Amino acid sequence: MTIFTTLVKEIRSCTICALHLPHGVRPVLQINAQAKILIAGQAPGRRVHETGIPFDDASGDRLREWMGVSKDTFYDKDSIAILPMGFCYPGTGKTGDLPPRPECAIAWRDKLLKQFNQLQLTLVIGKYAQSYHLPDNKLLLTETVKSWQDYWPNVLPLPHPSPRNNIWLKRNPWFESEIIPVLRKRINELL
């Protein structure tokens with residue numbers, strides 16, 4: 001058994017934050033060390049927790065639209081890895097889902113990222129993933145996304161594709177007119 005296979009098996013049976021998960025443990029990720037694209041998300045939502053399929057919700061529909069890919073392409077783990085900051089659904093707070101549990105990133109993230117050997121593009125979705133993947137960046141989310149060219153072509157900071165961000169998208173039309181066409185072109189080249 002390879003280091004990678006062992007690591008994924010350990011993650012799928014992980015219970016380090018079980019006491020903090022009101023809906024139980026269910027690590028959700030899609031990973032292959034040969035993937036060219038990594039989606040660094042936040043944490044599974046309730047529907048994803050129930051199905052065990054990453055981005056199997058309205059956020060996933062929007063993300064696939066942004067990327068310009070079909071569901072079949074999106075769920076091809078040989079091409080696209082999906083690695084949230086927290087692997088399990090953290091539950092719901094007053095204004096939406098709770099933040100990802102920090103234990104996941106501490107225990108697993110560095111070990112997993114070291115396994116990728118073909119990675120050419122990382123989509124860094126939301127402020128929790130941006131804090132980890134862009135540690136020197138101290139800008140707020142909107143300014144981080146606006147400065148996308150500072151990270152391009154290997155990394156692209158994105159807002160979360162959740163319907164909760166519809167107001168943000170309306171206030172920032174430059175995002176869909178400027179960034180989405182470039183993102184789709186790059187993904188098309190990689191796939």
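The legends below describe close-up views of a predicted model.

Residues are numbered from 1 along each chain as its sequence is written, and side-chain values use heavy atoms, with hydrogens and water left out. Because the model is predicted, local features need pLDDT of at least 70 and side-chain atom pairs count only at pLDDT 80 or more, while totals for chains, interfaces and linings use all residues.

View 1. Strand E3 covers residues 121-125; strands (E, at least two residues) and helices (H or I, at least four) are DSSP runs numbered from the N terminus. Five of the five residues of E3 are buried, so the strand is largely enclosed by the rest of the structure. Buried means under 20% relative accessible area, exposed over 50% and partly exposed in between, with a 1.4 Å probe and protein chains only. Leu121, Leu123 and Ile125 point one way from E3, and Thr122 and Val124 point the other way. In a regular strand the side chains alternate between the two faces of the sheet. E3 pairs in the parallel sense with strand E1 (residues 37-40) over four bridges, and also in the parallel sense with E4 over four bridges; two strands pair if DSSP finds at least two bridges between them. Leu38 has Thr122 of E3 as its bridge partner, and Val124 stands opposite Pro157 in E4.

**View 2. The largest nonpolar core around Ile39.** The largest nonpolar core has 26 residues, and those with the most contacts inside it are Ile39, Leu63, Met67, Phe175 and Leu183. Such a core is a set of buried Ala, Val, Leu, Ile, Met, Phe, Trp, Tyr and Cys residues joined through side-chain atoms within 4.5 Å. Elements that each supply at least two residues of this core include E1, H3, E3 and helix H9 (174-190). H9 gives the most, with seven residues. Leaving aside neighbours within four places in sequence, Ile39 is in contact (heavy atoms within 4.5 Å) with residues including Phe55, Leu63, Met67, Leu123 and Ile125. A second, separate core of 17 residues includes Leu7, Val8, Cys14 and Phe116.

View 3. Phe55 is in the loop between H2 and H3. Its phi is near 55°, a positive value in a residue other than glycine. At 11% relative accessibility, Phe55 counts as buried. The peptide bond from Trp152 to Pro153 is cis, with omega near 10°; Pro153 is in the loop between helix H7 (141-146) and strand E4 (155-158). Most residues other than glycine have a negative phi, and most peptide bonds are trans.

**View 4. The lining of the largest pocket.** About 900 Å³ of space lies in the largest pocket. The lining has 36 residues, of which Gln42, Asp97, His160, Ser162 and Arg164 lie nearest the pocket centre. A pocket is an open set of points on a 1 Å grid over the protein atoms alone, where a 1.4 Å probe fits, with protein on both sides within 12 Å along at least five of seven lines; lining residues have an atom within 4 Å of a point. Grid points are joined across faces, edges and corners, and the volume is the space filled by probe spheres set on the points. Helix H6 (126-133) is one of the elements that give two or more residues to the lining, and H6 gives the most, with three.

View 5. Asn32 lies in the loop between helix H1 (3-12) and E1. Asn32 is buried, with a relative accessible area of 15%. Its contacts, leaving aside neighbours within four places in sequence, are Phe4, Lys77, Asp78, Ala81 and Phe116.
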